[in-house]
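Please look over the sequence and the model shown here before reading on.

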Amino acid sequence: MAVIDVFAHVLPPEFLAQMNAIHPNVLANFPYMKNDLLTDVAQHRASLPTAHQQIISAVNLNPEDFVDPNQAAELCRSANDEIAALVRANRDIFPAGVAMLPMNNVPAALQIIDDQVAGSDALVGVQLFTQALGQPITDEAYEPVFAKMAAIGAPIWLHPVFDMQKPANNLTFSWEYELTQAMYGIVTAKYFRKYPGLQVIVHHAGAMVPYFSQRIKYIQTAEDYADFQKFYVDTAILGNPKALELAADFFGVDHILFGTDSPFGIPPVGPTAVIEQAVNDMAITAAQKQAIFKDNWQALMA
């Protein structure tokens, strides 16, 4: 069965070299990024199971955390060109890529969307993080990005990062909380109603939302409950078919996209095999599994 992984990561090597020139040994604070599968296409290709493809997005080495707004914009443009070139040179495994944006330069981010995403044959959306520059991604300064993406009809990939104001961050639970809070912020800001057609793909199967959907139902408005169900989510929870069934029950099978967070999660090559088995173990039909593995992505891109 053909499989398309919508949430797989790379670290474009020329971009990494640029970041190292600005901040020597930049990965010292990001040891998990010291993974050859992120930078070496040959090794990355060899790690993929047969008949698997990936939609590639950059790891969270974000220029706005290191440089001024103009330089951040230049770095993002360069990285996006590199991701697009990776896609074009490796269509058999990378059907598409996701663009980076400089969140300390929103006007430049909007121009990048126009220049590098709208109408592109390689970059089909943008990646945002749950926070940027210490502010929630739903801060009003960033709202124009949501409006622009809805206007061009391209998805936003939503990836978690730590809230550095919290003293006890941990990889197991903090990212799930941050994703859930970002989803809450998008819903309560009424972005789905303000920007019809907005598409947001949330990492980690929608985090806490499926499990606490009844709290949403009885505490928030019916309109908010319906808006939470408008998110698309991936399957990157390292297995657990029952949890994936819960996500499918809440968001609908048609809003579940196969995604793994590869090459992270389960060494040495990532969790693809474990997550694929979890989808196959879900108590859903063969057609619904095929939808998760491939058809939902193709419908989203149609």
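An angle between two axes counts as roughly parallel under 35 degrees, roughly antiparallel over 145, roughly perpendicular from 65 to 115, and oblique for the rest. The axes themselves are lines fitted to C-alpha atoms, for helices over the stretch in contact, and the angles run from 0 to 180 degrees between N-to-C directions. Helices (H or I, at least four residues) and strands (E, at least two) are DSSP runs, numbered from the N terminus.

This is a predicted model, in which local features need pLDDT of at least 70 and side-chain atom pairs count only at pLDDT 80 or more, while totals for chains, interfaces and linings use all residues. Residues are numbered from 1 along each chain as its sequence is written, and side-chain values use heavy atoms, with hydrogens and water left out.

Two packed helices are described by the angle between their axes and the distance between the axes. For α12 and α13, the axes come within 10 Å and cross at roughly 150 degrees. The two helices, α12 and α13, are therefore roughly antiparallel to each other. Contact means heavy atoms within 4.5 Å. On the α12 side the contact is made by E276, V279 and N280, and on the α13 side by K289, I292 and F293. Nonpolar residues are Ala, Val, Leu, Ile, Met, Phe, Trp, Tyr, Cys and Pro; charged ones are Asp, Glu, Lys and Arg; the others, Gly among them, are polar. The contact of α12 with α13 divides into three nonpolar, one polar and two charged residues.

Another pair can be read in the same terms. Helix α1 (residues 13-22) packs with helix α4 (residues 69-89) at an angle of about 155 degrees, and their axes are 8 Å apart. Helices α1 and α4 are therefore also roughly antiparallel to each other. From α1, the residues P13, E14, F15, Q18, M19 and I22 take part, and from α4, Q71, L75, S78, A79 and E82. By class, the contact of α1 with α4 has six nonpolar, three polar and two charged residues.

Which residues of helix α6 are buried? Buried means under 20% relative accessible area, exposed means over 50%, and partly exposed lies in between (1.4 Å probe, protein chains only). In helix α6 (residues 143-152), the buried residues are E143, V145, F146, M149 and A150. They cover an arc of only 160 degrees around the axis, which puts them on the same side of α6; the arc is that of the directions from the helix axis to the C-beta atoms. An α-helix has 3.6 residues a turn, so residues three or four places apart point the same way. The buried residues of α6 pack against α5 (106-117), β4 (123-129), β7 (156-159), α7 (174-188) and α8 (191-194). After α6 comes G153, whose phi is positive, near 70 degrees.

Next come the aromatic rings. Rings of Phe, Tyr and Trp (its six-membered ring) pair if their centres lie within 6.5 Å, and planes under 30 degrees apart count as stacked, over 60 as edge-to-face and the rest as tilted. By this rule the count comes to eleven aromatic pairs. In one of them, the rings of F146 and Y191 have centres 4.8 Å apart and planes at 45 degrees, so the pair is tilted. This pair links distant parts of the chain, with F146 in helix α6 and Y191 in helix α8, 45 residues apart. F146 counts as buried at 1% relative accessibility, and Y191 counts as buried at 1%. F258 and F293 form a tilted pair, 5.4 Å centre to centre with 55 degrees between the planes. F258 lies in the loop between β10 (256-257) and α12 (272-280) and F293 in helix α13 (residues 286-301), so the pair ties together parts that are 35 residues apart in sequence. F258 is buried, with a relative accessible area of 0%. F146, Y191 and Y195 form one aromatic cluster.

Some loop residues remain. H203, in the loop between β8 (200-202) and α9 (213-219), counts as buried at 0% relative accessibility. Not counting residues up to four places away in sequence, H203 touches F7, H9, L158, H159, P160, L179, D234, A236 and D261. A118, in the loop between α5 and β4, is partly exposed, with a relative accessible area of 33%.
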